[in-house]
Amino acid sequence: MHQELVLPAPAMGESGMTTATAWVESPLQFLSVLEAHHTGHFADHCRVVPRSGAIALDATVAEIERWGPPHRLTVAAQQDQPAGPGTASGPWFVGDAFSGQVQQALLRGSKQRIVIVDDGLATLHLLRLLVRRTPTPLVRARAAASPARRALGLATALRLRSAARAGRLTVFTVLPLPDELALRAWNRGIDVVRHRFSWLSAQPDNHAPRERRVVLGAALARDGLVHTEPYLEWVAAQAKEEPVAYFPHRREDERTLRPLARTPGVRVVHDGLPVEVGLRSLGVDHRVVSLPSTAVTSLRTLLGPRGVTIDATHVPDTWWTAQASPELRAHLGAVVSSGLPGAGPGTEASASDPR
């Protein structure tokens with residue numbers, strides 16, 4: 001069940017203008033904030049504060065600044081710790097609500113609108129925890145949390161549930177929600193706004209790779225969830241069919257990148273950009289192959305209207321290591337068929353200016 005969404009007008013500051021603050025730690029979070037600001041729903045201005053030391057984020061920020069960001073959005077100097085909600089007149093955008101630093105900032109903040117933007121599939125995990133009948137600590141799915149960490153996570157869950165009851169919590173996402181989860185979020189008071197990368201879609205094309213087949217790298221081997229050898233064999237099999245442009249995941253390391261650089265037919269592309277930016281110019285002749293990931297949904301949203309084929313491949317049972325829980329395997333497996341399990345249409349944000 002999805003309801004038509006009407007966002008309340010943001011609270012005005014002394015100047016009559018609202019300024020949102022955004023704390024971003026990854027390229028996807030940054031792109032999501034750009035899209036949210038582009039809708040015109042949240043604030044007049046947006047000040048984005050990137051986390052320092054994030055190489056992939058640095059490259060993305062530099063590329064967006066080269067294009068020219070959305071109107072009235074500025075990128076501030078990097079910081080080591082979250083730029084919290086404080087007392088600003090506008091909302092606070094944040095992606096990783098499981099971060100201890102972010103949770104501490106949330107608890108210090110004033111009663112203003114909080115907008116959660118995409119942080120991969122963790123966004124769905126967050127929503128599932130927030131809509132439970134009993135408040136549940138916000139800790140990462142695979143984390144072994146200490147009592148103190150669970151206490152902080154529980155306090156944050158209570159703060160966000162309170163914000164939802166007051167109509168001050170929004171989740172801004174490209175991910176289609178299962179209908180049952182969308183209904184429970186609505187009943188809890190959480191506004192869920194879907195977007196389709198309308199700002200990014202309007203940017204000038206870049207140079208598409210010369211190879212017709214593009215393989216998206218995965219961090220599953222790096223994270224110890226799948227064995228490395230079958231993963232490398234899978235990429236090599238793609239290259240035997242036709243030349244492959246391989247776009248690494250930002251967390252991949254030498255255990256996969258070094259052998260792939262020597263694999264016949266594989267060209268490893270180190271552009272440092274998220275695939276939503278680096279691959280936005282693919283055409284109908286291209287095919288993207290990937291293991292289950294958020295990028296599958298993002299690229300289907302961004303490139304589907306162009307007729308680009310986006311294939312997500314099941315992870316065979318023999319690939320998984322003991323670190324991959326049955327729940328994780330089932331969750332990622334559901335991405336293959338529809339982008340995400342039980343996806344419903346959702347409420348989509350529309351840009352304030354015509355394209």
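Predicted model: local features only at pLDDT ≥ 70, side-chain atom pairs only at ≥ 80, totals over all residues.
Side-chain values use heavy atoms, with hydrogens and water left out. E8 and E9 pair in the parallel sense over four bridges, and the bridge partner of Arg213 is Val244 in E9. Helices (H or I, at least four residues) and strands (E, at least two) are taken here as DSSP runs, numbered from the N terminus, and two strands are said to pair if DSSP finds at least two bridges between them.

The pair E8 and E9 belongs to an open sheet of five strands, ordered E10-E9-E8-E11-E12, in which the pairing is parallel. Strand E10 (266-268) and strand E12 (309-312) are its edge strands, each pairing on one side only, and neighbouring strands of this sheet are turned against each other by 25° on average, direction ignored. E8 also pairs with E11 in the parallel sense, over three bridges, with Val215 standing opposite Val289 in E11. E11 in turn pairs with E12 in the parallel sense over four bridges, and Arg287 has Thr309 of E12 as its bridge partner.

Two helices lie across strands of this sheet. Helix H8 (residues 228-241) lies across E8, E9, E10 and strand E11 (287-290), and runs at about 170° to E8, where axes are lines fitted to C-alpha atoms, for helices over the stretch in contact, and angles run from 0 to 180 degrees between N-to-C directions. Helix H11 (residues 294-303) lies across E8, E11 and E12, running at about 165° to E12. Together, E11, H11 and E12 make a right-handed β-α-β unit, a crossover being right-handed if, with the strands pointing away from the viewer, the path from the first strand over the helix to the second runs clockwise.

The axes of H8 and helix H9 (residues 254-261) come within 11 Å and cross at roughly 35°. This crossing is right-handed; a crossing is left-handed if the near helix is turned anticlockwise from the far one by less than a right angle, and right-handed if clockwise. The contact (heavy atoms within 4.5 Å) is made by Thr228, Tyr231, Leu232 and Val235 of H8 and by Arg255, Thr256, Pro259 and Leu260 of H9. These residues divide into five nonpolar, two polar and one charged, with Ala, Val, Leu, Ile, Met, Phe, Trp, Tyr, Cys and Pro counted as nonpolar, Asp, Glu, Lys and Arg as charged, and the others, Gly among them, as polar.

A further open sheet is formed by seven strands in the order E3-E2-E1-E4-E5-E6-E7, with parallel pairing. Its edge strands, each pairing on one side only, are strand E3 (73-75) and strand E7 (191-194), and the twist averages 20° from one strand to the next. Within this order, strand E4 (residues 92-94) and strand E5 (residues 114-117) pair in the parallel sense over three bridges, and Val94 stands opposite Ile116 in E5.

How values were computed. Residues numbered from 1 in each chain as written.
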